[in-house]
Amino acid sequence: MAKKKKRRRGNSSPWGRFLGFLAASVMCGVLAASLVVPSVAAAGYGVSTSINFFENLPEELTVQPPSQSTKVLTSDGKAIATFYAENRVRVPLDQMSPYIKDAVIAIEDSRFYEHAGLDPQGILRAVVTNLTKGDQQGASTITQQYVTNVLNEAKLSQERPDEVVLSGQKDFGDKLREMKLAVALEKKFTKEQILEGYLNIVFFNSDAYGVEAAARYFFNTRAKDLNLPQAALLAGLVNSPTFYNPALNPEKSVVRRDQVLGEMLRQEKITQVEHDEAVASPIALKISPQRQGCANATMAPYFCDYISHLILNNPAYGSTQKERERKLYRGGLTITTTLDSRLQAAAQSQVNGTAGRNPDRWGAALVTVQPGTGKILAMAQNTVFLPEPGKFDTQLNFNVDAKDPQGNDLNGAGGFQTGSTMKPFTFAEWLNEGKRLNAVVDASKRVYPLGFPWRSSCGKVLGAYSTAQNNPELGAADDLQNAEPGFYRKMPINYGLYNSINTATFASATQLDFCGIQKMVDAVGLHNGHDGSPINMHQLGNLLGATNVAPLHMANAFATFANDGKYCAPIALLKVTNAAGAKLPAQTSECRDAVKPNVARGVNSVLQDVMKVGSGVWIKPKVHDKVPVAAKTGTSNNNGATWVAGYTTGLSTASFFGDALEGQKRSGQKVTINGTFYPRLDGYMIAGPQWAKYMLKVAPLYKAAPFPKPPRSMSGPTPGR
């Protein structure tokens, strides 16, 4: 870590002041020579040396835009959150009130437009005052102050705060260097550029860097709208932001404001009438602190957190983690996301209402993607991002993976057991292998012992789904159970799917190549939410959703069916620009053929019946009465994770309710939620209405056409049931 410079104490004795006078006189002579050099011929070594001393602008003062706040926006332009190390919003000079420009020049540097970076009169006045009265009076011009601010800002952005030098800490060498750089700066930039840079970088308050942020913080207005007394008060703050802080020291602030107004009057920047009216006006503060980070997001804090991880994990925004952090917190980015504020508001309202006061900390989550683009349109859960008394809090995002494909942290819960929402993908492979969607299977079989002749063209070995072999070390499950009695019989496979019959899914799998099922699951983007690994479909429990999948990827997999079989990877970043407006890498829709169109249409035709006559028939409201929808319910073995994944041609949404934080260790059996006792939770009970109420509100916002019908050849004669 860099060490802070040691400062010598000033010598207040007459002898010390005399020596200081001699040194200052020499310095002033050199500086004066440098300022007149351009108008006369070089007459000797001393003068030519001073020319070289002030000629070149060093690399250390390469003037970069100061640290600026990053904005995160919805696709429709609504603010989500702000990130900053220093709250600053850069604005051009013509977007600042004339009063603030005149006020700052009047009180800080009245000869700003007359000097070339240094004010000899001010220097001599300060020297005389300091020597004769023993006071510490400065003589820094606005250009010199700008130099100091630029140097300090560079040190802060490079994480060298101990090297920052404040005005009262400058020694002789610091002042000489500051003057040298000020003269060089004036040769490179116009007065207007310097004034604009200064007003955008100067410190007003720990929550306000630059005049725009100061105007918003103290008066809840914009820099261009500052009136005279407001501008005079802010100009007065520059000299000592704490001492003259109107919120902390209102009396001192008024005295300083009036001093600024007096200087403006003396320099004829305002009239006597304007002066008198401004002096008579109260301060009238409207303190409006800017809140930064996802914890203070105006909406969608977990989506905000997901966005921040997408930036911080991506080498396109910097080769190191620290570079990416600087880009996010200091780079003045504008990040336009895919989020639709209308859908987000509806989703958040719904999950908040799902679990009521929720003393038992059950998790509720909704996430929506757009078929055909992969855009994430809403992402909500029933928790608060930071601890709050009486609230269900966590920073884990229920809707996303624990890590990204490169192994970087996404702060996600890592998904939940999907239960029967996995069944449509086995059914999709059934249709993919040319079988009919209403063919009859034997759903009475409940034991599949070791050695059962499963098919696997890629040579992987399958286990058993039974304890009949009396070998508990194998970890095999009990004999297959259905949620309800009466379904252990032969039945059409489509009937078995929309009624969510476990034994029917296994009966269909006996006729399929498990490598085909694996390819189907991989093609629609499903994977383990904890580590990103493929879901091993050769482990028979995964036919019924034994692996944790994040709701985002479950919604996106069903969006593939909605999109006629074309998979589009989920995206969240529409556009990213830096402070200068230049585009940085964002995300574009990356789509590919994943499922044959006719297969997707066959799945859609059956999943529409889930809501009409199948496992979702008890879900209310009846969304399918208003818009064509398809869906699948799902429940884990211990009922601790329940789902509905449902979609239109315009929107695909995964709805989750269950044990979100305890690894689904808690059972969803014999529980009371919102005053209602449940012998066992099921997807249609809470996750279902949550999905239905939400979709009823938002589905009309995205065109939902009828699903294309599968070819007639996919159906045989309707068998008896």
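Mentor: Let us take Asp119. Asp119 sits in the loop that links α3 (98-108) to α4 (120-133). Keep in mind that this is a predicted model.

Is Asp119 buried or exposed? Its relative accessible area is 8%. Buried means under 20%, so Asp119 counts as buried.

Now its partners. Leaving out residues up to four places away in sequence, Asp119 touches Arg111 and Thr141. With Arg111 there is also a polar contact between the two side chains, at 3.0 Å.

Compare a residue in a helix. Glu251 belongs to α10, which covers residues 250-266. Its relative accessibility is 59%. The cut-off for exposed is over 50%, so Glu251 counts as exposed. Glu251 and Ile283 are 32 residues apart along the chain, and their C-alpha atoms are separated by 9.9 Å.

Next, the nonpolar cores. The largest one has 132 residues. Which members touch the most other members? They are Phe303, Tyr306, Phe425, Leu526 and Met554. Look at Tyr306 in detail. Setting aside residues up to four places away in sequence, Tyr306 touches Ile376, Met379, Asn397, Val400, Leu410, Leu552 and Ala572. Another core, of 53 residues, lies apart from the largest one. Among its members are Ile107, Tyr146, Leu261 and Met264.

Step back to the whole chain. It has 721 residues, and 52% of them count as buried. Its secondary structure comes to 21 helices and 20 strands. Take the contacts with a separation of 6 or more: residues 24 or more positions apart account for 70% of them. The chain exposes about 31,900 Å², and carbon and sulfur atoms supply 52% of that area.

Finally, the confidence. The average pLDDT of the chain is 87, and 83% of the residues score at least 70. Residues 1-26 have a pLDDT below 50, and this stretch has 28 contacts in the model beyond near neighbours in sequence. For residues 32-57, pLDDT stays under 50 as well. There the model has 28 contacts beyond four places in sequence.

Back to where we began. Asp119 is a buried residue, placed in a loop between two helices, α3 and α4. Its side chain makes a polar contact with that of Arg111.

Terms used: Residues numbered from 1 in each chain as written. Predicted model: local features only at pLDDT ≥ 70, side-chain atom pairs only at ≥ 80, totals over all residues. Heavy atoms only, no water. Core = buried A, V, L, I, M, F, W, Y, C linked by side-chain atoms within 4.5 Å. Buried < 20%, exposed > 50% of the residue type's maximum accessible area, 1.4 Å probe, protein only. Contact = heavy atoms within 4.5 Å. Helix = DSSP H or I, 4+ residues; strand = E, 2+ residues; numbered from the N terminus. Areas by Shrake-Rupley, 256 points an atom, 1.4 Å probe, with all protein chains shown as cover. Polar contact = N/O pair within 3.5 Å; in protein donor to acceptor, adjacent residues only side chain to side chain. pLDDT = per-residue confidence, 0-100.
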